[in-house]
Amino acid sequence: KRASKAAAPTPGCGPALLPGCSPARRWCTLTGERPWESLVKTRGVGMDIGRILKDSWTIFVRDWGALVVASLITLVLGGLTLGILYVPLMAGLYLMILRRVREGRPAQVGDVFGCFDRLGAYVVAYLLFLAFGLVVAAVVLPPFLLLVVGHSGARALGWILFLLAGCAVVAVGVYLLTVWVYWTLLMVDRRRSVVEALKESRAIVTTSGFWMTRSEERRVGKE
């Protein structure tokens, strides 16, 4: 019998970069690992924050000029379009970094527009999060108005309702920001729709552990 020779992983292979390639063959040229292996190996296993920060800094210093200019473009165009273009441009920044990690390809400023081939999907994501923001406003605004324009009795009720609404918004917001932390990367890397990306991000966080993911987010924010 002939010994079957396993195909070696191909750097840069993935649907976001080379359509038609098998997702199982994607890997990271910096670490030699497939992108999601470290996230889903075992529930509760912590991330190596030191390595994440080191690799992030290495990527940034290689292409700091292009990344800074692309970030400014994202902020300016995102602001001028009331946030509509912010999501696809932010996705373009993710794509720039993925291409550098996977292919070793130097970042180019024009890459920030690299996700405009799926502009509709990112606009849907923008509208979805805009709707979420409107729901938050609808919950918080009525008790706030009682505080501002109500009489003394209404203001006391307003304080209670405002505190309850604030606690609810913070609790739900922390939960959703944690379970949906990977949605943009999944839309860029695996070309998921926004709904698929939100579901898959939640599955990844559930597998790796909610509180572990939350604690690592806080550590990255502090460092």
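Here is a short chat about the helices, surface and salt bridges of a predicted protein model.

User: Hi! What's the secondary structure made of here, helices or strands?
Analyst: Hello! This is a predicted model, and the protein has nine helices and zero strands. Reading from the N terminus, the order is α-α-α-α-α-α-α-α-α.

User: Okay, and how much of the protein is buried?
Analyst: Of its 223 residues, 32% are buried.

User: What about the surface, how much of it belongs to carbon and sulfur atoms?
Analyst: The accessible surface is about 13,200 Å², and carbon and sulfur atoms account for 69% of that.

User: Let's talk contacts. What share joins residues at least 24 apart?
Analyst: If you take contacts between residues at least 6 apart in sequence, 61% of them join residues at least 24 apart.

User: New topic: how many salt bridges are there?
Analyst: The structure has four salt bridges. As background, side chains of opposite charge can pair when their charged atoms come close.

User: Which partner does Arg191 have?
Analyst: Arg191 forms a salt bridge with Asp117, and their closest N and O atoms are 3.0 Å apart. Asp117 belongs to the loop between α4 and α5, and Arg191 to the loop between α7 (183-189) and α8 (194-208), so the pair ties together parts 74 residues apart in sequence.

User: Why is Asp117 called exposed?
Analyst: Asp117 counts as exposed because its relative accessible area is 56%, and the cut-off for exposed is over 50%. Arg191 has a relative accessible area of 35%, so it is partly exposed.

User: What does Arg190 do, then?
Analyst: Arg190 makes a salt bridge with Glu200, where the closest N and O atoms are 2.1 Å apart. Arg190 is in the loop between α7 and α8 and Glu200 is in helix α8, ten residues apart, and the pair links distant parts of the chain.

User: Buried or exposed, those two?
Analyst: Arg190 is buried, and Glu200 is buried as well.

User: Last one: which residues are linked in a network of salt bridges?
Analyst: That network links Arg190, Arg192 and Glu200.

Conventions. Residues are numbered from 1 along each chain as its sequence is written. This is a predicted model: local features need pLDDT of at least 70, side-chain atom pairs count only at pLDDT 80 or more; totals for chains, interfaces and linings use all residues. Side-chain values use heavy atoms; hydrogens and water are left out. Helices (H or I, at least four residues) and strands (E, at least two) are DSSP runs, numbered from the N terminus. Buried means under 20% relative accessible area, exposed over 50%, partly exposed in between (1.4 Å probe, protein chains only). Contact means heavy atoms within 4.5 Å. Accessible areas come from the Shrake-Rupley method with a 1.4 Å probe; for residues, only the protein chains shown count as cover. A salt bridge is a side-chain nitrogen of Lys or Arg within 4 Å of a carboxyl oxygen of Asp or Glu.
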